[in-house]
2 protein chains.
Amino acid sequence: MGLLRTADVLRWRIAEVLEPEGITLVQFNVLRILRGAKETGLPTLEIGARLVEQSPGITRLIDRMEALGLVRRERPRADRRQVLCHIESKGLSLLARLDTTVPQASEVLFAGLSGAEIDRLIVSLDAIRSACAARCSSLRKQ
Amino acid sequence: MGLLRTADVLRWRIAEVLEPEGITLVQFNVLRILRGAKETGLPTLEIGARLVEQSPGITRLIDRMEALGLVRRERPRADRRQVLCHIESKGLSLLARLDTTVPQASEVLFAGLSGAEIDRLIVSLDAIRSACAARCSSLRKQ
DNA sequence: CAAATATGCTTGACATATCAACTATTGCTC
DNA sequence: GAGCAATAGTTGATATGTCAAGCATATTTG
């Protein structure tokens, strides 16, 4: 339960930094994923899989981000079922700004922890996630 | 970011256990808070403060829980502005069942960690939350 | 190669969360 | 004790997330 409450607090803190830029935490994550995908782009559902969200949400999320001019969609000739999403220059410059402010905002919360403590924290969290990947049905079924 | 993803995974895992009982994670937390308040009950906004949610959400959340027969509302004569919420016997028996199944479901995820590691995890998470309580405006303003 | 199935995504109906404005009651001030 | 501000909670409009079903394209199978 402490884990959930702590995540809420952190989520809130980050949202506070994102809000003046007009995007949500989920949109921020989509931008980072798409930046990682470079020129190639990424199919819509692949984005949904990396976030912990389902398909319909993603479609409309990308709708809004396309309306904001942050991303672009393209239907490739190879497989005309899928829709490749690309990050636009506007999205890249927005991310560039946030790359400094978001970590700054979160670092405040971790100030009370030593480097070693943070390392241990990360290891523990990774262990929890991999336990879920191994045993939970919920993440496989999507 | 790992913290947020890990919390999502845990949230999902718990929701999976709660779903057959027809309640959400937030409703589960409300029930636990109200059980802690005993006979006295708790004003609506006090519940909202303990969760990380705002007033309007709470009102309608309690509406739904009242419709389910899990809680009861009462307007005390002392201060007729506030509305005291109480847990009903139906809510108590539901919680009694979940008191075993929810921890069981989450323990699976922590199986890879030693007792000492879990202790350190809890200490670190507490430190993050108290850093926020001290410095973040977001939690004070509500 | 026609029919059946699977994949990728979208749409509509509905539940839920969020923001701003409102009502009712209380406490404070002159 | 009349008027004003503070508190507790609700309501309405809007954004967002979620479930079930649908459409188009691709793949498999007889």
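Reader: What makes strand 1 and strand 3 of chain A paired strands?

Author: The model is a predicted one. Pairing requires at least two bridges between two strands. Two bridges join strand 1 of chain A to strand 3 (residues 84–87), and the two run antiparallel; strand 1 and strand 3 therefore count as paired. In this pairing A:Pro43 stands opposite A:Leu84 of strand 3.

Reader: Why are strand 1 and strand 2 of chain A said to stand at the edges?

Author: The open sheet of chain A has three strands in the order 1-3-2, with antiparallel pairing. Strand 1 (42–43) and strand 2 (71–74) each have a single partner strand, so one side of each lacks a neighbour in the sheet. Helix 4 (residues 55–67) packs on this sheet and touches strand 2 and strand 3 of chain A.

Reader: What makes the relation between chain A and chain B that of a two-fold axis?

Author: Chain A is superposed on chain B by a rotation of 180 degrees with 0.0 Å of shift along the axis, at an RMSD of 0.1 Å. That is the relation of a two-fold axis.

Reader: How do you know that the copies meet through the same surface?

Author: Contact means C-beta atoms within 7 Å, and 35 residues of chain A are in contact with 35 residues of chain B. Helix 1 (2–18), helix 5 (89–110) and helix 6 (115–135) of chain A each supply at least two residues of the side touching chain B. Of the interface residues of chain A, 100% are also interface residues in chain B, so the copies meet through the same surface.

Conventions
Residues numbered from 1 in each chain as written. Chains lettered and ligands numbered in written order. Predicted model: local features only at pLDDT ≥ 70, side-chain atom pairs only at ≥ 80, totals over all residues. Helix = DSSP H or I, 4+ residues; strand = E, 2+ residues; numbered from the N terminus. Contact = placed C-beta atoms within 7 Å. Axes fitted to C-alpha atoms, helices over the stretch in contact; angles between N-to-C directions. Least-squares fit on C-alpha atoms with pLDDT ≥ 70 in both.
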